[in-house]
Amino acid sequence: VGLIAQEFFGGRTGRWAGTLYAVASVMGPANDFQAANTELFMNLPVLTALWLCARSWVHKSLAGSEAGALGLLMGAAVLIRPQAALALLPVAVTVCRLRVRWRPLLALLVGLALPALALLAWLWRADVLMDLRSSMTYARYYTSCLPLRTKLVNGTLKSLLFLGVDVGLVIPVIGLLVYGRRRDEAWTQNAGCWLVSWLLASAVAVTAGGRFYPHYFIQVLPPLVIMAARQLTQGERGSDSRRAWGKAALGLLALGAGMSVAVAVADRQVWPRQAWHQDRYRAVAEYVRVRTRPEARIFVWGNSPEIYLYSQRRMATRYMSVNYQTGRIWGTPANQPGHPPYRQDVPPQTWNNLMNDLERNRPAYIIDAAAGKLAKMDDDPIPRHPRMAAFLNHNYRLETTLLGVPVFRRTTP
């Protein structure tokens, strides 16, 4: 983030942007905003690609090698999270402005396609292309199942939450767009169009699916931070009122960061339901860890992959959860206890893959997290799924129940 700002506005604004990004990254609900989500992982390739793009914009030249690297990075980011494709808007603006010749453009397109082609080739060789199909089936349902009214309510309330938490960034950005841009030569000649296109593309990416989860807004932070940093550094040399607004913005940022850290420290008190889940994850994980060798595999039925992490034991199947098999799709009515699951388009191969993995890897323990009412899987304990129940009854016995979570140990070789 700092390097992109430095390309447009110099080192001082770059240092401010990097610092503001570090501060803004800890603001918001920690159990969502700082979770290991795809927005966090996609940001590094996206920002590296856009740094190359910014260099080309400023120097008015895009070499073939830079174009190829830019394409590879964006292609990797799109694989991590498809919405990263919207960050191609400032890339397209750059290509049009520079009137890039066909060779660098070809290098860009080839680089963009290579990660997807490599993934498809790997899936084909591993004979798991059907898993991609099932993922796409659920992705289509996920993005289209919410009614428009719900999407509008989510968008309004959660956008207001983000703007409220990050009001210390919003104030200088408004100042830049309304007043500062008229006096800022670097903005009018170089950065303005490019940064606004990036901000708009990121804002559109947040709307995907109509859920507006707080971590979706991570995509908006980099352009927002760069624009805020520019206004704050310019404001120091402006009128008394501009300096006062800058100090107020910094104070609000410090307040937001401090409150977010305090809430994260008091996580168990603020989110008691999550603490209830964590107690069970850790109890089951510790039980399994001390009774298995490090190379052992386990299987968690449900949507509780935390048990794999805490136990430090490998998954026995390719699926970190059984949402695909049960039709309990995250962020949809089908994922709520008491609501019907979405099973119309569950590919049969998904179940075949699951059972074949279990037969091949023979997990030492199976944990029925759904029977323990963890992660909204209350309606789908193992006994309600005949194939899984038959496999469990033939190869395992109930060894213990920890805080309501059944733990089964393998009895057959």
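A: Two strands are said to pair if DSSP finds at least two bridges between them. The model discussed here is predicted. By that criterion, strand 3, which covers residues 365-368, has two partners to describe. With strand 1 (residues 297-301), strand 3 pairs in the parallel sense, and the pairing runs over 4 bridges. With strand 5 (residues 405-410), the sense is antiparallel, and 3 bridges are found.

Ile 298 stands opposite Tyr 365 in strand 3, and Tyr 365 in turn stands opposite Arg 409 in strand 5.

The side chains of strand 3 complete this picture. Tyr 365 and Ile 367 lie on one side of the strand, while Ile 366 and Asp 368 lie on the other.

The aromatic contacts may now be considered. A pair of aromatic rings is described by the distance of the centres and the angle of the planes. The structure holds 10 aromatic pairs. In one of them, the ring centres of Phe 8 and Phe 9 are 6.1 Å apart and the planes stand at 50 degrees, so this pair is tilted. The pair formed by Phe 8 and Trp 194 is also classed as tilted, because its planes stand at 55 degrees, with the centres 5.1 Å apart. Phe 8 belongs to helix 1 (residues 2-9) and Trp 194 to helix 11 (residues 185-206), so this contact ties together parts that are 186 residues apart in sequence.

The residues of these two pairs can also be placed by accessibility, for which buried means under 20% relative accessible area. Phe 8, at 6% relative accessibility, therefore counts as buried, and Phe 9, at 11%, does so as well. Trp 194 is buried with a relative accessible area of 0%. Ring pairs link Phe 8, Phe 9, Trp 194 and Trp 198 into a cluster.

The charged end of Arg 97 sits over the ring of Trp 57, at 4.4 Å from the ring centre. Likewise, the charged end of Arg 291 sits over the ring of Tyr 287, at 3.7 Å from the centre.

How values were computed:
Residues numbered from 1 in each chain as written. Predicted model: local features only at pLDDT ≥ 70, side-chain atom pairs only at ≥ 80, totals over all residues. Heavy atoms only, no water. Phe/Tyr/Trp six-rings, centres within 6.5 Å; stacked < 30°, edge-to-face > 60°. Buried < 20%, exposed > 50% of the residue type's maximum accessible area, 1.4 Å probe, protein only. Helix = DSSP H or I, 4+ residues; strand = E, 2+ residues; numbered from the N terminus. Lys NZ or Arg CZ within 6 Å of the ring centre and 35° of its normal.
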